Amino acid sequence: MPLSHLLKILPSIDLAMAAVAWLIYFCTYPDFARWRSENFREHHQSYTSRVGWVVGPLLVLQLVGHFLAWRQGAPIIGLVLVVLTWICTAIWSIPAHRRLRLEGYNLEVINHLTRTHIVRTLIWSALAIYSLKSAVG
């Protein structure tokens, strides 16, 4: 994909990540608490495998796009917000998902995942707003 195309669709990528984050916050993580504990590990593994196919490419395109935009003279704020989401993911979400994968159903971990996910959701939302405003001018 040419750089010019990526920069043109970057606001859409940011908006998509914000939408996915809100969906996970309001629907997916609360549903984790309602899943049966005896099959939780299998359901969680299935969820993380499938959602990765949606979120993974968006995350990579978002990081690369904001890095390249910054390299071309865009303000660094977009890149900083993306990096913040990655840091939050690394310190909160990945360890929580790892625990759920290894231990199975754990309401304390699910509640922690939901509480900390709102931070990522708000950052992605701020990034989407910033990106859309920048695109409009």
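This section describes the helices of a predicted model, their packing, a surface patch and a salt bridge.

The secondary structure of the protein consists of 4 helices and 0 strands. Read from the N terminus, the order of elements is α-α-α-α. Along the principal axes, the C-alpha atoms occupy a box of roughly 50 × 25 × 20 Å. Helix α1 covers residues 3–34, α2 spans 40–71 and α3 spans 77–103, and helix α4 comprises residues 107–136.

Packing was examined for the helix pairs α2 and α3, α3 and α4, and α2 and α4. The axes of α2 and α3 lie 11 Å apart, and the two helices pack at an angle of about 165°. Angles over 145 degrees count as roughly antiparallel, and α2 and α3 are therefore placed in that class. Their crossing is left-handed. On the α2 side, the contact involves F40, R41, H44, Q45, Y47, T48, L59, Q62, L63, H66, F67 and W70. These residues meet G78, L79, V82, V83, W86, H97, L100, R101, L102 and E103 of α3.

Helix α3 also packs against α4, with axes that come within 10 Å and cross at roughly 165°. The helices α3 and α4 are therefore roughly antiparallel to each other, and the crossing of this pair is left-handed.

For α2 and α4, the packing angle is about 25° and the axes are 15 Å apart. Angles under 35 degrees count as roughly parallel, so α2 and α4 are assigned a roughly parallel arrangement. The crossing of α2 and α4 is left-handed. In this pair, F40, L59, Q62 and H66 of α2 contact I110, W124, L127 and S131 of α4. The residues F40, L59, Q62 and H66 of α2 are also listed among those that meet α3.

A nonpolar patch on the surface is formed by F67, W70, I76, I77, V80, V83, L84, I87 and I91. Together, these residues have about 710 Å² of accessible area. Both α2 and α3 supply at least two residues each, and the largest share, 6 residues, comes from α3.

Side chains of opposite charge can pair when their charged atoms come close. A search of the whole structure gives 2 salt bridges. One of the salt bridges found in the model joins R34 and D31, whose closest N and O atoms are 2.6 Å apart. Both R34 and D31 are located in helix α1, where they are separated by 3 residues, or about one turn of the helix.

Note on methods. Residues are numbered from 1 along each chain as its sequence is written. This is a predicted model: local features need pLDDT of at least 70, side-chain atom pairs count only at pLDDT 80 or more; totals for chains, interfaces and linings use all residues. Side-chain values use heavy atoms; hydrogens and water are left out. Patches are made of residues with over 30% relative accessible area and no salt bridge: like charges are joined within 9 Å, nonpolar side chains (Val, Leu, Ile, Met, Phe, Trp, Tyr) within 5 Å. Accessible areas come from the Shrake-Rupley method with a 1.4 Å probe; for residues, only the protein chains shown count as cover. A salt bridge is a side-chain nitrogen of Lys or Arg within 4 Å of a carboxyl oxygen of Asp or Glu. Axes are lines fitted to C-alpha atoms, for helices over the stretch in contact, and angles run from 0 to 180 degrees between N-to-C directions. Angles under 35 degrees count as roughly parallel, over 145 as roughly antiparallel, 65 to 115 as roughly perpendicular and the rest as oblique. A crossing is left-handed if the near helix is turned anticlockwise from the far one by less than a right angle, and right-handed if clockwise. Contact means heavy atoms within 4.5 Å.
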